[in-house]
Amino acid sequence: MLFIGLTGSIATGKSTVSSILASPPHSLPIIDADILARRVVEPGSGGYNAIVKYFGPTTPDLLVPVSESMPADGPNGRGRPLNRPALGRRVFGNSDERVKDRGVLNDIVHPAVRREVYKAIFWNYITGNWAVVLDVPLLFESGWDKLSGVVMVVAVRDPEIQMQRLMKRDRHLTQEDAQNRVQSQTDVRLKAKRCEARGKGKGVVIWNDGSQEELRANIDAALSDIRKSSPPWWNWICLFCPPIGVAAGTWVYWQNININKRWREMELEEKAKL
């Protein structure tokens with residue numbers, strides 16, 4: 001089964017691309033890390049309790065306020081949901097304190113999400129899907145690119161388009177809040193460069209500065225090339241002959257380790273030129 005690692009940056013259109021990939025004619029199963037990240041911090045979960053324990057004492061508005069429709073102990077008695085804008089203000093930004101808090105949050109959420117992703121991968125494998133999309137905002141940062149036969153980055157060339165889309169989507173954000181969220185992630189132009197450096201057939205950049213029609217055309221062309229290099233019949237061989245599947249997966253993992261090694265060498269060479 002082919003793993004297509006889908007990533008981008010905030011407000012570049014990754015969710016739109018994910019939706020198109022999940023719809024006919026592609027109809028690919030999507031493992032959405034954002035959805036799983038929300039699930040693992042629902043009230044009563046271990047992730048929720050860890051977040052409340054760490055952030056609660058210094059973040060008075062960490063939980064959704066009590067109201068007529070929101071009891072003090074939450075709708076199901078397990079606690080009130082997290083107030084995501086308040087939590088976002090604690091972790092987005094480049095100050096030492098924000099970076100530290102973001103690291104703590106990631107250490108709580110990422111291991112729980114990883115477990116859920118593995119479960120979803122196994123289910124899609126045994127049900128015979130030829131490919132599955134791993135929709136992960138921090139694909140490179142969390143190491144999921146090592147499992148991906150193909151990495152797909154959704155990017156925009158103009159940073160101003162990214163800011164405009166973010167503020168239009170999340171109208172509660174101030175200009176500073178929006179800027180902090182964008183700057184808290186790796187620049188999407190750098191992600192695109194890293195993706196292209198993987199080589200033909202292993203990295204695809206979907207530029208999303210234009211219209212929906214242009215976006216769909218770019219996705220259709222990319223999927224056509226991917227199907228040629230990893231046809232569905234190959235998945236059936238791997239499914240019915242597990243040793244071949246294990247060998248193929250190991251080969252992809254080994255290739256990706258070398259790809260990442262070359263990328264780090266390229267980064268060091270560019271830094272040496274400065």
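Which residue in β3 does I4 stand opposite? Keep V133 in mind, as I will come back to it.

A word on the source before we go on. This is a predicted model.

Let's start with the sheet. There are five strands, and the sheet is open. Read across, the order is β2-β3-β1-β4-β5. The pairing is parallel. Who stands at the edges? β2, residues 30–32, and β5, residues 203–207. Each has a single partner strand, so one side of each has no neighbour in the sheet. On average, neighbouring strands are turned by 20° against each other, with direction ignored.

Now walk across, pair by pair. Begin at β2. It pairs with β3 in the parallel sense, over three bridges. Here V133 comes back: it is the bridge partner of I30 in β3. On to β3 and β1. These two run parallel and are joined by five bridges.

Next step: β1 to β4. Strand β1 covers residues 2–7, and strand β4 covers residues 150–155. Four bridges link them, again in the parallel sense. One example is G5, whose bridge partner in β4 is V151.

A131, V133 and D135 point one way from β3. V132 and L134 point the other way. All of them are buried. As a general point, side chains in a regular strand alternate between the two faces of the sheet.

Now β5, which stands at an edge. How many of its five residues are buried? Four, so β5 is also largely enclosed by the rest of the structure.

On to the helices. Helix α5 spans residues 96–126. It lies across β1, β2 and β3, and runs at about 175° to β2. Helix α9, residues 188–197, packs on the sheet as well. α9 touches β1, β4 and β5. Its direction makes about 150° with that of β4.

Let's zoom in on one residue of α5. D101 is found in that helix. Is D101 buried or exposed? Buried: its relative accessible area is 3%, and the cut-off for buried is under 20%. What does D101 touch? Leaving out residues up to four places away in sequence, the contacts are Y54, F55, R90 and V91. For a sense of distance, compare D101 with W254. They are 153 residues apart in sequence. In space, C-alpha to C-alpha, they are 33 Å apart.

Finally, the surface. Which residues make the nonpolar patch? They are W233, W234, I237 and I244. The patch is about 390 Å². Helix α11, residues 232–240, gives the largest share, with three residues. I237 lies in α11. It is partly exposed, with a relative accessible area of 33%.

To recap: a parallel, open sheet of five strands. Helix α5 lies across β1, β2 and β3, and α9 touches β1, β4 and β5. D101 is buried.

Technical notes
Residues numbered from 1 in each chain as written. Predicted model: local features only at pLDDT ≥ 70, side-chain atom pairs only at ≥ 80, totals over all residues. Heavy atoms only, no water. Pairing = 2+ DSSP bridges. Axes fitted to C-alpha atoms, helices over the stretch in contact; angles between N-to-C directions. Contact = heavy atoms within 4.5 Å. Patch = residues over 30% accessible without salt bridge, like charges linked within 9 Å, V, L, I, M, F, W, Y side chains within 5 Å. Areas by Shrake-Rupley, 256 points an atom, 1.4 Å probe, with all protein chains shown as cover. Salt bridge = Lys/Arg side-chain N within 4 Å of Asp/Glu carboxyl O. Buried < 20%, exposed > 50% of the residue type's maximum accessible area, 1.4 Å probe, protein only.
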